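Please look over the backbone geometry of the model shown here. The briefing is arranged by element.

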Amino acid sequence: MPDPSATAGHKYEPEIIRVPALYAWPPRPLKALRYLLIDLLYPWGFVYLALAYPTWRYLTPALETMAHFEPGWMALLWLRNCAFLLLFAGGLHCYLHRRRAQGDAYRLNRKKLSADNKLFLWQDQVKDNMFWSIASGVTIWTGFEAISYWVYASGRLPLIDNPWYFVACIYLLFLWSTANFYAVHRVLHFRSIYQRVHELHHRNVDIGPWSGISMHPLEHLFYFSPFVLWWFVPVHPVIIILTGFYQALNPSLSHSGFDYLSLGKLRLKTGDWYHQLHHQYFNLNYGNTPTPFDKIFGSWHDGSQESLQAQKQRWRVRRRQTG
Ligand SMILES: [Zn+2]
Ligand SMILES: [Zn+2]
């Protein structure tokens, strides 16, 4: 178990990041199974699943209502999604950064969130992040979600209600979403697109829960594109809700700036050291650990000094090649 302390002179050291057992060679079937059944989903995947069903049952308009695009039901969806983001990102921000309820324990950030930086709207990182997350993020999330319901409500695709197929779709979602993220993210780092679009997300070097989906609207269009899969592959609408939760709420955890959320004796994984390193160094760790494309393409940084030196060597070689 990692040492939680990060007090003066004793910085918190996250664990070295390893490729999931799912990809071990020679294969390790039991560990791979444990990864699929527990590690991939625990704890937040299970939380999203537990929330998705009641959200479909009680907080989503009836399918018949959504057969036609109308501002009324779409506005309700927007409000519901906004409330969820406020609950997750706002709750984590208050607990970890405002009240500092766990102090520096498990802190990954090197500095405090900025309240005096001209790069940010109103020179305030948190207000800037909230603006982009709500005004653009929640709106585009809601747009993709509304189109997805409409596809089913208007009879263009059948609604599939089979428990085995439902479980298969959960895995399809997690693997598709992370693979899609890698591909989209690589494109966002092309110099011209980076400067016009992705730079907005990277203004956040030290990150907070509101940084998660603080993105340029064009990046949101790419980022929420995993919904498009459900316009061609039929699913149960709960999977559509789960897609929104995973895309929109999970980044508030992975950008929390803390490796773990400490609630009394309970310790829950929140941060994503892998992605945090991307915010610190930019040109590595483009993807995520569940679909480790960075390992294949040489941009994997496991958090160790040796791995960082190897990445710096890769950058030097690339600079020489590109002149
Ligand atoms: Zn990020
Ligand atoms: Zn990036």
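Predicted model: local features only at pLDDT ≥ 70, side-chain atom pairs only at ≥ 80, totals over all residues.

**Helix α4**
- Helix α4 runs over residues 125-153 and has 29 residues.
- From its first C-alpha to its last, α4 reaches 40 Å. That is close to the 42 Å expected at 1.5 Å a residue.
- The helix carries a kink of about 30°, and the kink is centred on G137.
- G155 follows α4 and has a positive phi, near 80°.

**Hairpin β1-β2**
- Strand β1 covers residues 260-263, and strand β2 covers residues 266-269.
- The two strands run antiparallel and are joined by 4 bridges.
- β1 and β2 form a hairpin, with 2 residues between them.
- G264 sits in the turn, where its phi is positive at about 65°.
- L263 stands opposite L266 in β2.

**Helix pair α5-α8**
- Two packed helices are described by the angle between their axes and the distance between the axes.
- Helix α5 (residues 163-188) packs with helix α8 (residues 237-254) at an angle of about 30°. Their axes are 11 Å apart.
- Angles under 35 degrees count as roughly parallel, so α5 and α8 are roughly parallel to each other.
- The crossing of α5 and α8 is right-handed.
- On the α5 side, the residues that meet α8 are F166, C169, I170, L173 and S177.
- They meet I239, L242, T243, Y246 and Q247 in α8.
- An α-helix has 3.6 residues a turn, so residues three or four places apart point the same way.

Methods
Residues numbered from 1 in each chain as written. Chains lettered and ligands numbered in written order. Expected span 1.5 Å × (residues − 1). Bend = angle between axes of the 7 residues up to and from the residue. Pairing = 2+ DSSP bridges. Axes fitted to C-alpha atoms, helices over the stretch in contact; angles between N-to-C directions. Parallel < 35°, antiparallel > 145°, perpendicular 65-115°, else oblique. Left-handed = near helix turned anticlockwise from the far one by under 90°. Contact = placed C-beta atoms within 7 Å.
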